[in-house]
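Subject: Handing over the structure, with notes

Dear colleague,

I am passing this structure on to you, and I would be glad if you looked at it yourself before reading my notes. The notes follow below.

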Amino acid sequence: MSQTFEQLIKFTTDSVGLERTFRFFQSIVLVLSSYALPFDLLLTALTFATATTPSPAAVHVALKGLNQRLGLARRFFRLFRFLDFFNSAQKLASRISTAEGAGVLTRLHPWLDVFSRTFNGMYLLLEATTMIDALQVPGLALWTPEREKAITVEAQRFWLFALVCGAAFNVAQIMLVASTTPRPEAAKAAASKTSPEIKGSADEKTADGGPDEKEREESERLWRQEISTKVYKLGRGAVANALDTVLPGTTVGWINVGPGVVGSAMFVTTILTGMDVWERCGREVAGVK
């Protein structure tokens with residue numbers, strides 16, 4: 001219980017975790033303001049808490065303002081994150097430019113990750129240029145309203161490209177995960193080539209009647225468990241990227257859905273992507289201990 005509480009503290013004080021928390025609240029606000037049943041439940045709760053019946057129109061206005069404020073707060077956490085994406089894309093491109101793979105998919109699929117990071121960097125860079133305008137301070141604006149809207153649409157277009165490339169990369173990784181994860185026999189053979197002690201121990205076991213069957217079964221079970229964990233995390237990322245395309249797709253005009261669908265998709269993907277941050281915070285807490 002103590003470790004879980006420390007993990008929660010780590011998550012809510014981590015910049016990415018806090019941004020995911022605000023995104024979670026923003027998705028709830030969108031759902032509440034878009035569907036009749038959740039909105040009626042909200043009105044009932046407000047009536048019970050305040051002993052007065054609030055105006056539905058006033059509540060809608062309050063939810064719209066809250067949605068805008070939460071969206072603006074989230075932008076502060078990713079203001080300079082485009083630097084991280086450009087840097088990681090450059091390093092990854094340099095590392096794989098000279099790498100050789102066994103097949104076409106093995107050689108080409110890492111570039112999907114490079115494209116995804118580059119498009120994300122472009123999205124965040126364009127978004128950062130409209131930060132001053134987003135503050136809505138009277139007399140303080142970098143762009144005209146028309147230019148700001150055009151930049152925002154182009155930024156969302158880059159985000160859409162990044163999500164598509166990210167989902168494709170995750171699917172390609174799932175197809176290759178079994179071949180890129182060494183089996184226990186292959187790992188043991190590679191270790192025996194570099195370590196005479198391991199090779200000698202293996203020879204002794206063979207001379208005594210072969211390798212331990214239980215040890216081999218346990219290694220096989222751990223290998224399958226490792227593959228299942230990788231496939232689960234990659235599949236989770238692919239689903240999150242695919243669902244997130246609804247958000248920029250709506251802004252660009254390529255996907256025609258209402259704000260309720262956008263809020264629902266945001267709710268699901270926030271949980272899926274937040275799980276990665278939650279697990280990372282758990283590992284960091286366990287490492288400290």
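Predicted model: local features only at pLDDT ≥ 70, side-chain atom pairs only at ≥ 80, totals over all residues.

First, the whole chain. The chain contains 13 helices and zero strands, and of its 289 residues, 34% count as buried. If you take the contacts between residues at least 6 apart in sequence, 76% of them join residues at least 24 apart.

Not counting residues up to four places away in sequence, G17 touches F11 and V277. R20 is also found in helix α2, and because its relative accessible area is 14%, under the 20% cut-off, R20 counts as buried. The side chain of R20 is joined to that of T273 by a polar contact of 2.9 Å. Again leaving out residues up to four places away in sequence, R20 touches F11, R74, T270, T273, G274 and V277.

Next, helix α5, which covers residues 81–96. The buried residues of α5 are F82, S88, A89, L92, A93 and I96. They cover an arc of only 130° around the axis, and therefore lie on the same side of α5. On the face turned away from that buried side, α5 carries the exposed residues L83 and R95. F86, also in α5, counts as partly exposed because its relative accessibility is 28%. Leaving aside its neighbours within four places in sequence, F86 is in contact with T118, G121, M122 and L125. Between F86 and M122, which are 36 residues apart along the chain, the C-alpha atoms are separated by 8.3 Å.

Now to the aromatic rings. A pair of aromatic rings is described by the distance of the centres and the angle of the planes. A search of the whole structure finds nine aromatic pairs. In one of them, the rings of F119 and F158 have their centres 6.2 Å apart and their planes at 35°, so this pair is tilted. The pair links distant parts of the chain, as F119 lies in helix α6 (residues 104–129) and F158 in helix α8 (residues 145–180), 39 residues apart. Both count as partly exposed, F119 at 23% relative accessibility and F158 at 22%. F161 and W254 form another tilted pair, with 6.3 Å from centre to centre and 40° between the planes. Because F161 lies in helix α8 and W254 in the loop between α12 (246–252) and α13 (259–288), this pair ties together parts that are 93 residues apart in sequence. F161 is partly exposed, with a relative accessible area of 31%, whereas W254 is exposed, with 51%. Ring pairs link F119, F158, F161 and W254 into a cluster.

Finally, the nonpolar cores. In soluble globular proteins, nonpolar side chains tend to be buried together. Which residues of the largest nonpolar core touch the most other members? Of its 14 residues, these are Y123, W159, V246, L247 and V262. At least two residues of this core come from each of α6, α8, α12 and α13, and α8 gives the most, with four residues. Leaving aside neighbours within four places in sequence, L247 is in contact with R23, Q156, W159, V262, A265 and M266. Apart from this core lies another, of eight residues, among them L32, F39, V59 and L63.

With best wishes

Technical notes
Residues numbered from 1 in each chain as written. Heavy atoms only, no water. Buried < 20%, exposed > 50% of the residue type's maximum accessible area, 1.4 Å probe, protein only. Contact = heavy atoms within 4.5 Å. Phe/Tyr/Trp six-rings, centres within 6.5 Å; stacked < 30°, edge-to-face > 60°. Arc of directions from axis to C-beta. Core = buried A, V, L, I, M, F, W, Y, C linked by side-chain atoms within 4.5 Å. Polar contact = N/O pair within 3.5 Å; in protein donor to acceptor, adjacent residues only side chain to side chain.
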